[in-house]
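The sequence and structure are shown first.

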Amino acid sequence: SYSVTGVQTCALPIFSIRFRSILGYTVLFALILQFFIVTYNTITGFIQVETMAEFLFRVGYGSAVSTLLGLLIIYPDLLIIGWLNRKFPWSKAPLRRVVPEFILASLVAIATSVSGTAAVNLINPYTEDLPGVLMINGSIAVIVNVILMAVLEALMFYRESRLSRIRAEALQRELADIRFEMLKTQINPHFLFNSLNVLSGLISIDTARAQVFIEAFAGIYHYVLETLEKQVVTLEEELGFARSYMLLQQIRHGEQVTFTVHLPSGTLRMFLPPLSLQTILENAIKHNATKSSRPLEIRVTTDGMWLEIRNSLIPKTSGISSTGVGQKNLTRRYRMICDRVPVFMVENDEYVAKLPLIPCEN
């Protein structure tokens, strides 16, 4: 089975190889096999070949039959490999896998060889003793199918390695894109301009508060640089950064913005992507008005294994449209590290964002 961000282990490898490829390899293998079989039988006197035309006819006829039987063997082999991958994967039970794989490969080979030989005998009866032909063909089929199983296993291993390499390269590119978007968000010219404007005003009227502002401002960018290469951080770390970020906003907007946090202590050691909480807080301030008569209230709580951020819904009259880039970026980052994604909704005149919390054991 395949996914958007990567290629998963294929439970049924029969569906991961094109029929054209299987047919091509089977025809080539059948030609080589029949060439050696006819040559050996001619040299040992098992069959009498008078002319080169008869030799080529036997090779061609045998190759056609071998190709048909080969396809009837290969597809069950692929199904067997898929079943064994689920029951006895090489990475966990290599020794327990060898015996059932050999037995199943032999049974498939014998069943196909017997049925194929019997069918050919009905169309064009053998001049040789039929039980002897059945035994020889069955023995050859078992040896060939064991070798074929090894070839198919090697082919599947090669394909999985190649697909894993492609997946790793794709993830690296996607991660680089995500980090670039994160960096662009944090070096937002509007955020810098507004912050420096506030700082300029504070320096002349309240140097102590200006110093607090500078420390929080520096802490924000230090955290960004420190966590840019990380996939996850603890909620405690992210919350410390969020407090610094909201301190800047509260210095800028005054009592028009309130920020409260009520979290069980046990959740602080859980994980989430860095700057994810800040993305939600930034969107709340960006898309909502801040008024003295009706402050923008932002509350951070938990709901089971989710971090819940609620803010009062006070849309700006300027009608700033949302591009959704921040939310999409955050969703992509979550998809890379777990099987849950953020949830965004409006509930009781509040905007609610729920971020999955990742347990320590994960």
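Buried means under 20% relative accessible area, exposed means over 50%, and partly exposed lies in between (1.4 Å probe, protein chains only). The model is predicted: local features need pLDDT of at least 70, side-chain atom pairs count only at pLDDT 80 or more, and totals for chains, interfaces and linings use all residues. Residues are numbered from 1 along each chain as its sequence is written, and side-chain values use heavy atoms, with hydrogens and water left out.

**Salt bridges**

The structure contains nine salt bridges, each defined as a side-chain nitrogen of Lys or Arg within 4 Å of a carboxyl oxygen of Asp or Glu.

Asp303 in strand E4 and Lys354 in strand E7 are 51 residues apart, so their pair links distant parts of the chain. Asp303 is partly exposed because its relative accessibility is 37%, whereas Lys354, at 14%, counts as buried. Strands E4 (residues 296-303) and E7 (residues 350-356) also hold Arg299 and Glu350, respectively. Here Glu350 is buried at 15% relative accessibility, and Arg299 is partly exposed at 29%. Both residues belong to a network of salt bridges that also includes Glu308, Arg310 and Glu347.

Between helices, Glu153 of H4 (residues 130-186) and Arg97 of H3 tie together parts 56 residues apart in sequence. Both residues are buried. Helices (H or I, at least four residues) and strands (E, at least two) are DSSP runs, numbered from the N terminus.

A nonpolar core is a set of buried Ala, Val, Leu, Ile, Met, Phe, Trp, Tyr and Cys residues joined through side-chain atoms within 4.5 Å. The largest has 43 residues, and Leu281 and Met246 are among those with the most contacts inside it. Apart from it lies another core of 15 residues, including Leu84 and Phe88.

Leu281 is one of the buried residues of H8, a helix (residues 276-287) in which nine of the 12 residues are buried. Beyond its neighbours within four places in sequence, Leu281 is in contact (heavy atoms within 4.5 Å) with Ala242, Tyr245, Met246, Phe259, Ile298 and Ile309.

**Residue Val232**

Val232 occupies the loop between helix H6 (207-227) and strand E1 (233-234). Its relative accessible area is 29%, so Val232 is partly exposed.

Technical notes
The expected span of a helix is 1.5 Å times one less than its number of residues.
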